[in-house]
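Subject: the model, and some notes on it

Hi,

Here is the model I promised to pass on.

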Amino acid sequence: MPDINIDLFLALLKQEVASYQVPVVDLIAVQSKDPFKVLVATILSARTKDETTAKACSRLFAKAPEATALAALSQEEIRTLIYPVGFFKNKARYLAALPAALDTFGGKVPTELDDLLSLPGVGRKTANLVLAVAFGKPAICVDTHVHRIMNIWGYVETTTPEQTEMALRRKLPQKYWLTVNSILVAFGQGTCKPVGPHCDRCVLAAYCPKLGVTPRRLPRPRHKERPTLRLISWNVNGIRAAAKKGFVDIVQGLGPDIMAIQETKAHPEQLSAELTGMNGYEAYFAAARKKGYSGLAVYTRLKPIRVITGLGRDEFDSEGRLLTLEFDSFFLVNAYFHNAQPGLSRLDYKLAFNRALHDFVDELTAQKTVVLCGDLNVAHKEIDLANPKANEKNPGFSAEERAWLDTFLASGYVDTFRLFNQEPGQYTWWSYRFNARRKNIGWRIDYFIVDAGSRQRLKGAAILSDIMGSDHCPVQLELRR
Ligand code: SF4
């Protein structure tokens, strides 16, 4: 049996329950100092909420403040007055018989346990309570709260309230006999409840052995879902051509927070006002020196902190292939990777750019989340194109380009689409020839890639293959803010 410090426990609880509602029987004792009222209130309080007992007492004592007045009421009248206390019919019967029973004791409430036990409806608990509360006698009233809590503490090891009373008489210092019931009733009603005691906020939690207790389970604080940003990336294969196919309406219809565009093939001054000042978005551009070639744009509802054009390296920055926007919690790196060209004639240059970009992105990742998006001009694995065998030596699926992507991802980046979707036949680019799109003979070469450390921010990734207007379709990332 655990050895608890009963002095500490009861001292802490006395302080604790001072702010709780006082059990109604104590309240009546304090207010009236009248043993008759304490006795009647105690009888009424069995199996009844304090609030209900208090109201019933108030109605009954208005008509019957002492035993003679109670004798004048019929059992039916008493029943009506005390309703709805628990077992009100039985209690009305006891109370109707009470005045006659009290006559045996001169019309007064007796002050001895055995005499009290002879009264109708008075059991050991009630008798002890009346002795303790009404007469201040060294009686221990053990109701279910006292019995239960003393066993939870391991202070007694008993199976009935009577056994607990006997055990406490032997063990509990007498100075606590008068008060222990009131304290533990209040505590048992307010904190150490019979079902799911509130151990999480209990003043005794650090000391209590909690024997046989299943504390209440607090509802888990609901995870507040962080707002999600919807990012879309799209190689439009010429923004002016796309505009003729409804580009602005498509963007407005999709309504992303950020729209990253590759292959604009235009300088900003060549664009219409609706493309440079699209409703609801700020627009940023990175054009190639050569007109009608490559080029990037970002339309954003979020205001960037900083905009970085290119890699800061002359040999790579004339073609409008990199446009980076820094936001509060992430970098968006919008990239249009080189095509290695037939015969892989530009492969070395492409791989040099790729490595420089890798270094650049690593530097950003050291600062905050990086979202790299765009046309990488490479399908990563066989699942990512319709005819892998036929394209093994071709630009976009050469071993060298795929090996670079392997290395890049292995260094700590995530191909977000494959995180959410392992299905074959998921493509983002189709040749304009041979009805390739209709037949879904395509390649997945457009990506959203995120640093692995920010994986938990990813909510979804998708290919928006229904969106027409280019030989590529948009890809989408949902990113928690
Ligand atoms: S810790 Fe829990 S079981 Fe122990 S007294 Fe407090 S509420 Fe009751």
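Strand 6 (residues 322-326) is mostly covered, with four of its five residues buried. Buried here means 20 or more other C-beta atoms within 10 Å of the residue's own; 12 or fewer makes a residue exposed, anything in between partly exposed, and the C-beta atoms are placed from the backbone. Strands are DSSP runs of E with at least two residues, helices are runs of H or I with at least four, and both are numbered from the N terminus.

Before going on, the ground rules. This is a predicted model, so to speak: local features need pLDDT of at least 70 and side-chain atom pairs count only at pLDDT 80 or more, while totals for chains, interfaces and linings use all residues. Residue numbers start from 1 along each chain as its sequence is written.

Back to strand 6. It pairs antiparallel with strand 5 (residues 306-309) over four bridges, where pairing requires at least two DSSP bridges between the strands. Arg306 has Glu326 as its bridge partner, and Ile308 stands opposite Thr324. Strand 7 (residues 330-336) also pairs with strand 6 in the antiparallel sense, over five bridges, and Thr324 stands opposite Val333 there. Strands 6 and 7 make a hairpin with three residues between them.

These strands belong to an open, mixed sheet of six, in the order 5-6-7-8-12-9. Strand 5 and strand 9 (413-415) are the edges, each pairing on one side only. The twist averages 20° from one strand to the next; axes are lines fitted to C-alpha atoms (for helices, over the stretch in contact), and angles run from 0 to 180 degrees between N-to-C directions. Helix 16 (residues 347-365) lies across strand 6, strand 7, strand 8 (369-375) and strand 12 (446-451), at about 150° to strand 8.

There is another open sheet of six strands, also with mixed pairing, in the order 3-4-2-1-14-13. Strand 3 (282-286) and strand 13 (458-463) stand at its edges with a single partner strand each, so one side of each has no neighbour in the sheet. Neighbouring strands here are turned by 15° against each other on average, direction ignored. Inside this sheet, strand 2 (residues 258-262) and strand 4 (residues 296-300) run antiparallel and are joined by five bridges; Met259 stands opposite Tyr299 in strand 4.

Now the cores. A nonpolar core is a set of buried Ala, Val, Leu, Ile, Met, Phe, Trp, Tyr and Cys residues joined through C-beta atoms within 7 Å. The largest has 67 residues, and those with the most contacts inside it are Leu231, Leu332, Val333, Val370, Val371 and Phe448. Strand 7 supplies the largest share of this core, six residues. Leu332 touches Ile258, Ala260, Val298, Thr324, Leu325, Phe327 and Val371, leaving out residues up to four places away in sequence; a contact is two backbone-placed C-beta atoms within 7 Å. A second, separate core of 61 residues includes Val24, Cys57, Cys141 and Phe187.

Helix 3 (residues 35-45) is mostly covered, with 10 of its 11 residues buried, Lys37 among them. Just after helix 3, Arg47 takes a positive phi of about 55°. In helix 10 (residues 144-152), the buried residues include His145, His147 and Arg148, and their cover includes helix 11 (161-171) and helix 12 (180-190).

Then two loop residues. Thr428, between helix 18 (416-420) and strand 10 (429-430), is buried because 25 other C-beta atoms lie within 10 Å. Its C-alpha is 6.9 Å from that of Ile463, 35 residues apart along the chain. Ile441, in the loop between strand 10 and strand 11 (442-443), has 17 C-beta neighbours inside 10 Å, so it counts as partly exposed. Ile441 and Leu385 are 56 residues apart in sequence but 7.5 Å apart, C-alpha to C-alpha.

Last, the ligand. It is surrounded by 13 residues, the closest being Cys192, Pro197, Cys199, Cys202 and Cys208; a residue counts if its backbone-placed C-beta lies within 6 Å. The shell has 10 nonpolar, two polar and one charged residues, with Ala, Val, Leu, Ile, Met, Phe, Trp, Tyr, Cys and Pro as nonpolar, Asp, Glu, Lys and Arg as charged, and the others, Gly among them, as polar.

Cheers
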